[in-house]
Amino acid sequence: MVNKSWTDNEILGIIHSDAPEHIIREAWDVLVLKYQDQLEEYAFELWGGDDFAVSDTLDRALVTARMWIEASDEIDAVNGNLHQWLRSILRGQFREQSGKEDMARTYPRRFLQEDDDWMEDEFAAFEIEVSS
């Protein structure tokens with residue numbers, strides 16, 4: 001029903017309409033497919049070839065974009081250029097994620113894995129000091 005040749009505004013109109021959920025999902029999928037290759041290429045440039053980071057950043061950027069689009073009846077942020085708007089969200093997501101990676105390398109103890117038991121070590125050291 002939704003066609004890739006439709007304008008972004010036509011597709012956004014369906015997303016904001018009272019259409020059945022499966023039509024809205026189809027419209028979103030068409031919108032993503034329309035720009036996915038270009039956005040993936042841009043993410044690849046930003047990450048310098050890290051496939052996992054590219055995929056993760058692109059997924060997060062698209063989720064963010066969808067939340068913005070669904071939350072706003074008048075998506076003025078697009079200003080007629082959805083592609084640029086999506087690129088800016090992707091760039092912001094890259095900056096956020098690359099900053100976290102830099103911080104994790106600089107301060108590895110602050111970015112613990114779920115299975116780290118650092119609290120147990122801290123409590124054990126505290127108990128030893130108190131009981132001495």
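Reply: R91 lies in helix α4. Helices here are DSSP runs of H or I with at least four residues, strands are E runs of at least two, and both are numbered from the N terminus. The model is a predicted one, in which local features need pLDDT of at least 70 and side-chain atom pairs count only at pLDDT 80 or more, while totals for chains, interfaces and linings use all residues. Residues are numbered from 1 along each chain as its sequence is written, and side-chain values use heavy atoms, with hydrogens and water left out.

R91 counts as partly exposed because its relative accessibility is 26%; buried means under 20% relative accessible area, exposed means over 50%, and partly exposed is in between, with a 1.4 Å probe and protein chains only. Leaving aside neighbours within four places in sequence, R91 is in contact (heavy atoms within 4.5 Å) with Y42 and L46. With Y42 there is also a polar contact between the two side chains, at 3.0 Å. A polar contact is a pair of N or O atoms within 3.5 Å; within protein, one must be able to donate a hydrogen and the other to accept it, and residues adjacent in sequence count only if both atoms are side-chain atoms. R91 and A43 are 48 residues apart in sequence, yet their C-alpha atoms are 7.8 Å apart in space.

H83 is also in helix α4. H83 counts as buried because its relative accessibility is 18%. Apart from neighbours within four places in sequence, H83 is in contact with Y35 and Q38, and its side chain makes a polar contact of 3.0 Å with that of Q38.

Next comes helix α2. This helix has a kink of about 50 degrees centred on Q36, where the bend at a residue is the angle between axes fitted to the seven residues ending there and the seven starting there. Among the buried residues of α2 are W28, L31, Y35, L39, Y42 and A43. An α-helix has 3.6 residues a turn, so residues three or four places apart point the same way. After α2 comes G48, whose phi is positive, near 65 degrees.

The largest nonpolar core has 30 residues, and I15, W28 and L31 touch the most other members. Such a core is a set of buried Ala, Val, Leu, Ile, Met, Phe, Trp, Tyr and Cys residues joined through side-chain atoms within 4.5 Å. Two or more residues come from each of α1 (8–15), α2 (21–47), α3 (51–71) and α4 (82–106). The most come from α2, which gives 12. Not counting residues up to four places away in sequence, W28 touches I15, L62, A65, R66 and I69.

The chain as a whole has 5 helices and 0 strands, and 30% of its 132 residues are buried. How far can the model be trusted? The pLDDT, which is the predictor's confidence in each residue from 0 to 100, has a mean of 75 over the chain, with 67% of residues at 70 or more. Confidence is highest in α2, at a mean of 89, and lowest in helix α5 (residues 118–131), at 49. Over residues 107–120 the pLDDT is below 50, and this stretch has 6 contacts in the model beyond near neighbours in sequence.
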